Amino acid sequence: MFMEKIFVFQIQHWYVNIPTCSIEHSVHTFDNLVKNNAIPKKCLRPTFYKSNNLCEKVNDVRYHILNLYSNPSYSLEKVINNVCNTSHVMDYVTSWMLLDFFKLLGYKHCSSVSERKVLENVALQLETFGLWEWAIYILLHIESKFERETSIQNVLIRNIELHDKESLDKQRFVIDDLGIPRYWIDVAKYYKSKRIHNSWFEFNFY
């Protein structure tokens with residue numbers, strides 16, 4: 001469906017508007033055509049919207065990117081809304097990549113709540129696949145110091161292992177490469193030892 005929109009937009013921009021017309025003007029004109037029902041609204045829907053009822057009133061991410069290009073104050077929340085870029089409603093990876101990309105370009109008007117939601121959901125995805133060390137990397141991007149530290153410590157407590165070699169390698173990675181304090185690891189090991197009733201480890205990490 002979006003390819004139809006792109007095609008219509010291209011025809012309008014190249015052949016209907018004057019040659020010197022800006023993309024911003026073309027986007028504005030296109031929006032007016034949609035609002036006046038000259039172009040069906042379904043052309044704005046994500047290509048996968050038929051298989052996802054949540055997308056019935058959601059526009060494709062590329063439509064939002066065009067609007068952001070035309071209007072730098074356009075809502076970043078709409079651009080990074082994961083329902084606009086994937087049929088998997090729990091997948092936030094593309095949303096995180098878009099958020100990071102546009103922040104690098106200077107678009108920093110996304111609300112902290114929306115940004116944290118994306119980061120926490122990407123971290124949860126990584127943790128679910130056993131990549132908890134990379135989940136910590138994602139959580140390091142949370143602006144609030146308290147929320148950042150709390151989220152990271154919770155990941156450590158849920159995933160730390162006492163004897164596993166792979167876990168030890170991951171622990172070295174988060175300490176040496178990500179700069180996580182070693183005592184956070186020790187605290188997580190203390191709680192782990194309490195859960196498995198290992199009094200020796202509990203004593204050593206108390």
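Predicted model: local features only at pLDDT ≥ 70, side-chain atom pairs only at ≥ 80, totals over all residues.
**Overall**
- Of the 206 residues, 43% count as buried, meaning under 20% relative accessible area with a 1.4 Å probe and protein chains only.
- Among contacts (heavy atoms within 4.5 Å) with a separation of 6 or more, 52% are between residues 24 or more positions apart.

**Nonpolar core**
- The largest nonpolar core has 42 residues; such a core is a set of buried Ala, Val, Leu, Ile, Met, Phe, Trp, Tyr and Cys residues joined through side-chain atoms within 4.5 Å.
- Helix α7 (residues 132-139) gives the largest share of this core, five residues.
- I136, L156, V174 and I180 have the most contacts inside the core.
- Leaving out residues up to four places away in sequence, I136 touches I152, V155, L156, V174, L178 and I180.

**Helix α3 and D60**
- Helix α3 (residues 61-70) is largely enclosed by the rest of the structure, because seven of its ten residues are buried.
- The buried residues of α3 are V61, Y63, H64, L66, N67, L68 and S70.
- D60 sits in the loop between α2 and α3 and is buried, with a relative accessible area of 2%.
- At the start of α3, a side-chain oxygen of D60 comes within 2.8 Å of the backbone nitrogen of R62.

**Largest pocket**
- The largest pocket holds about 180 Å³ of space, a volume being the space filled by probe spheres set on grid points joined across faces, edges and corners.
- A pocket is an open set of points on a 1 Å grid over the protein atoms alone, where a 1.4 Å probe fits, with protein on both sides within 12 Å along at least five of seven lines; lining residues have an atom within 4 Å of a point.
- Eleven residues line the largest pocket, and V34, K35, L44, N59 and Y63 are the closest to its centre.
- Helix α2 (residues 23-35) supplies the largest share of the lining, five residues.
- The lining divides into three nonpolar, three polar and five charged residues; Ala, Val, Leu, Ile, Met, Phe, Trp, Tyr, Cys and Pro count as nonpolar, Asp, Glu, Lys and Arg as charged, and the others, Gly among them, as polar.

Key: Residues numbered from 1 in each chain as written. Heavy atoms only, no water. Helix = DSSP H or I, 4+ residues; strand = E, 2+ residues; numbered from the N terminus. Buried < 20%, exposed > 50% of the residue type's maximum accessible area, 1.4 Å probe, protein only. Polar contact = N/O pair within 3.5 Å; in protein donor to acceptor, adjacent residues only side chain to side chain.
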